[in-house]
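The following note collects points for a colleague who is reading this model.

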Amino acid sequence: MGKSSFSFRRSVSRRRTKKTTAPPPRRSPPQPPYAAGITTSPDGAANNRLVAGAGAGTLTKVKKKTGSARLWMRFDRSGGSELVEWEKNTIIHHAAIPARDLRILGPVFSHSSNILAREKAMVVNLEFIKAIVTAEEVLLLDPLRQEVLPFVEQLRQQLPGKSPPKLLGAVEEQEGELQGSNGRQWLPTPETAEGLQSELPFEFQVLEIALEAVCTYLDSSVADLERGAYPVLDELARNVSTKNLEHVRSLKSNLTRLLARVQKVRDEIEHLLDDNEDMAQLYLTRKWLLNQQFEEAQLGATTSNNLPNSARSVRRLGSTRSESLAASHYGDDNDVEDLEMLLDAYFMQLDGTRNKILSVREYIDDTEDYVNIQLDNHRNELIQLQLTLTIASFAIAIDTLVAGTFGMNIPCKLYNIDGIFWPFVWISSAASVFLFLLILAYARWKKLLGS
């Protein structure tokens with residue numbers, strides 16, 4: 001009995017020892033070398049994240065197990081940027097856009113051009129630039145593509161680190177004023193007033209950079225097409241051959257595709273210019289400021305009953321001036337002059353690019369007409385030669401008919417006349433030549449043959 005109890009205690013102690021033994025440390029899998037200066041975050045978040053700090057210059061990658069996520073680059077107003085891998089639902093909730101807008105940014109509509117206005121975002125699909133722009137940030141799809149890299153660099157250079165626009169008279173400033181200020185914080189500073197009047201909203205700055213990148217890309221494509229088009233067309237005009245015709249056919253196909261791409265972007269801008277309501281919906285910063293103002297008015301109404309009369313009058317004075325300043329620049333829903341001027345400038349640039357393509361196409365058409373004229377001329381020369389030979393064949397056929405008639409051994413008195421053979425041959429040959437010249441002169445008189 002004692003032995004069994006002792007053995008039982010030993011087994012229990014062994015089990016406890018095995019249970020409390022710490023497992024060996026697990027080795028982390030080797031990380032792929034993405035780039036110099038990349039550090040792997042130990043965070044086990046669901047989203048795969050590559051964070052590119054504006055000042056730090058480092059990227060942080062977090063693994064993602066799902067394969068349906070796509071790579072996006074996020075730019076904010078402060079100048080920070082980061083690479084993130086987000087799923088479709090994450091983008092929909094983050095940017096507050098419908099799911100069909102993501103399908104527009106998909107590969108099916110890769111060659112379409114759209115600028116769509118939503119309640120809190122603007123969906124931009126221009127050639128290789130596929131982005132979702134809000135009043136505070138930009139989400140750029142596939143930022144590592146070769147065509148998108150210049151646009152990313154332009155965003156880094158032309159979007160300085162700026163804080164989001166704020167209405168003077170915010171709740172935080174209200175609290176600071178009530179705690180002991182004399183009310184001067186509520187008056188708009190000259191720098192703020194000048195900034196509201198001179199700077200474009202954040203979303204329009206991004207749109208301008210996108211249009212500039214697309215127009216520059218299309219202009220360079222047209223320039224490359226022009227450099228290769230004129231020598232090929234001149235060579236075809238000099239020598240009409242199968243090789244040159246194949247080069248012109250390939251050139252014309254590239255020209256048609258490029259014209260369609262330019263036309264799509266131009267038509268989308270023209271559609272926006274024709275509809276003021278759509279342009280007004282693109283003022284995301286204005287809508288954001290108005291929402292902020294409405295929320296602050298609601299918060300200020302709850303605390304207005306507890307304020308002293310002097311503080312309440314100072315707050316009312318400052319907020320009235322700030323609201324009037326903001327409303328003068330952002331408040332008019334029908335004021336689309338800034339966006340209209342922006343779109344009109346790039347519309348004219350795209351129209352000039354389109355005219356360049358049309359000029360190349362006209363040169364191609366002129367070359368084709370010239371080649372067709374050359375071919376028609378050669379064809380006419382062949383027809384004239386054929387007509388001349390036909391007339392000669394007819395004249396010789398008459399002489400052959402006479403010779404064949406005498407070759408039938410039909411009894412004739414001419415056979416009994418001595419020395420008549422050669423005179424008869426010369427007379428029949430002269431008659432054939434005379435008949436040939438007569439028919440040829442008639443053809444020239446009827447202008448069936450050239451001079």
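1. Leucine 126 stands opposite isoleucine 129, the latter belonging to strand β8. This is a predicted model, and the remarks below should be read accordingly. The pairing in question is that of strand β7, residues 122–126, with β8; the two strands are antiparallel and share five bridges.

2. Valine 133 has valine 138 of β9 as its bridge partner. β8 and β9 likewise form a hairpin, here with three residues between them.

3. How many residues of β8 are buried? The strand spans residues 129–133, and five of its five residues are buried. Both faces are covered: Ile129, Ala131 and Val133 lie on one side, with Lys130 and Ile132 on the other. The reader may wish to note that Lys130 is among these buried residues.

4. Because its relative accessible area is 9%, under the 20% cut-off, asparagine 244 counts as buried. Its side chain reaches the backbone oxygen of asparagine 239 at 2.8 Å. Leaving aside residues up to four places away in sequence, asparagine 244 touches Glu235, Leu236 and Asn239.

5. Which residues have the most contacts inside the largest nonpolar core? They are Phe151, Ile269, Leu339 and Leu343, in a core of 63 residues. Helix α7, residues 202–238, gives the most to this core, contributing 16 residues. Another core, of 16 residues, lies apart from it; Trp72, Leu102, Ile104 and Ile132 are among its members. Ile132 is also one of the buried residues of β8 noted in point 4.

6. Not counting residues up to four places away in sequence, isoleucine 269 touches Leu211, Leu343, Tyr346, Phe347 and Leu350. Of these, Leu343 is itself listed with isoleucine 269 among the residues that have the most contacts inside the largest core.

Methods: Residues are numbered from 1 along each chain as its sequence is written. This is a predicted model: local features need pLDDT of at least 70, side-chain atom pairs count only at pLDDT 80 or more; totals for chains, interfaces and linings use all residues. Side-chain values use heavy atoms; hydrogens and water are left out. Buried means under 20% relative accessible area, exposed over 50%, partly exposed in between (1.4 Å probe, protein chains only). Helices (H or I, at least four residues) and strands (E, at least two) are DSSP runs, numbered from the N terminus. Two strands pair if DSSP finds at least two bridges between them. A polar contact is a pair of N or O atoms within 3.5 Å; within protein, one must be able to donate a hydrogen and the other to accept it, and residues adjacent in sequence count only if both atoms are side-chain atoms. Contact means heavy atoms within 4.5 Å. A nonpolar core is a set of buried Ala, Val, Leu, Ile, Met, Phe, Trp, Tyr and Cys residues joined through side-chain atoms within 4.5 Å.
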